[in-house]
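Thanks for sending this one over.

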Amino acid sequence: MDLKAVRKGQSLTVALSGELDHHSAAIIREEIDAILTDSRIKDLILDMKSVTFMDSSGLGVILGRYRIMARRGGAVKLKNVSASVDRVLKMAGVYALVKRVGTGA
């Protein structure tokens, strides 16, 4: 799992690629959280275009970042979600908390 983060104003876009599973979740969580220490970031956009697989650990990454952003009055948005990842997100009820944006959603 790799990530590329780009900050633009109050938005942070994190492009993820590979498998978001129990092997990679802790590293991804730590890398995103290190950037989110800047409380001026109000929108976290996770670009899921290149995520090939996601398990419950990946859900934990998304929901944990949702809690961080909600505490500061911000939001988490998911972009370019593949059909297979979309199924996992729907079954888990994640879309009740985070919004899909962009293509593939």
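1. Which residues does Asp38 touch, not counting those up to four places away in sequence? In this predicted model, the answer is Arg7 and Arg72. You will find Asp38 in the loop between helix H1 (25-35) and strand S3 (43-54). Asp38 is buried, because its relative accessible area is 17% and the cut-off for buried is under 20%.

2. Stay with that pair for a moment. Arg7 forms a salt bridge with Asp38, and their closest N and O atoms are 2.5 Å apart. Since Arg7 lies in strand S1 and Asp38 in the loop between H1 and S3, the bridge ties together parts that are 31 residues apart in sequence. Arg7 itself is partly exposed, at 36% relative accessibility. Arg40 joins in as well: Arg7, Asp38 and Arg40 are linked in a network of salt bridges.

3. Arg65 pairs with Asp33, with the closest N and O atoms 2.8 Å apart. Arg65 is in helix H2 and Asp33 in helix H1, so this bridge connects parts 32 residues apart in sequence. Arg65 counts as buried at 5% relative accessibility, while Asp33 is partly exposed at 25%.

4. The other is between the side chains of Asp86 and Arg100, at 3.0 Å from N to O. Asp86 belongs to helix H3 and Arg100 to strand S5 (residues 99-101), so the pair ties together parts 14 residues apart in sequence. Here Asp86 is buried, at 10% relative accessibility, and Arg100 is partly exposed, at 34%.

5. Now to H1, whose buried residues are Ala25, Ile28 and Ile32. They sit on the same side of the helix, because they cover an arc of only 70 degrees around its axis. As a reminder, an α-helix has 3.6 residues a turn, so residues three or four places apart point the same way. The buried residues of H1 pack against strand S1 (2-8), strand S2 (11-20), S3 and helix H2 (56-71).

6. The largest nonpolar core has 26 residues, and Met48 and Leu78 are among those with the most contacts inside it. Two or more residues come from each of S2, H1, S3, H2, strand S4 (75-79) and helix H3 (83-92). Leaving aside neighbours within four places in sequence, Met48 has contacts that include Leu16, Ile62, Leu78 and Val85.

7. Finally, a contrast within S3: Thr52 is in this strand but counts as exposed, at 56% relative accessibility. Beyond residues up to four places away in sequence, Thr52 touches Gly18, Glu19 and Ser84.

Methods
Residues are numbered from 1 along each chain as its sequence is written. This is a predicted model: local features need pLDDT of at least 70, side-chain atom pairs count only at pLDDT 80 or more; totals for chains, interfaces and linings use all residues. Side-chain values use heavy atoms; hydrogens and water are left out. Helices (H or I, at least four residues) and strands (E, at least two) are DSSP runs, numbered from the N terminus. Buried means under 20% relative accessible area, exposed over 50%, partly exposed in between (1.4 Å probe, protein chains only). Contact means heavy atoms within 4.5 Å. The arc is that of the directions from the helix axis to the C-beta atoms. A nonpolar core is a set of buried Ala, Val, Leu, Ile, Met, Phe, Trp, Tyr and Cys residues joined through side-chain atoms within 4.5 Å. A salt bridge is a side-chain nitrogen of Lys or Arg within 4 Å of a carboxyl oxygen of Asp or Glu.
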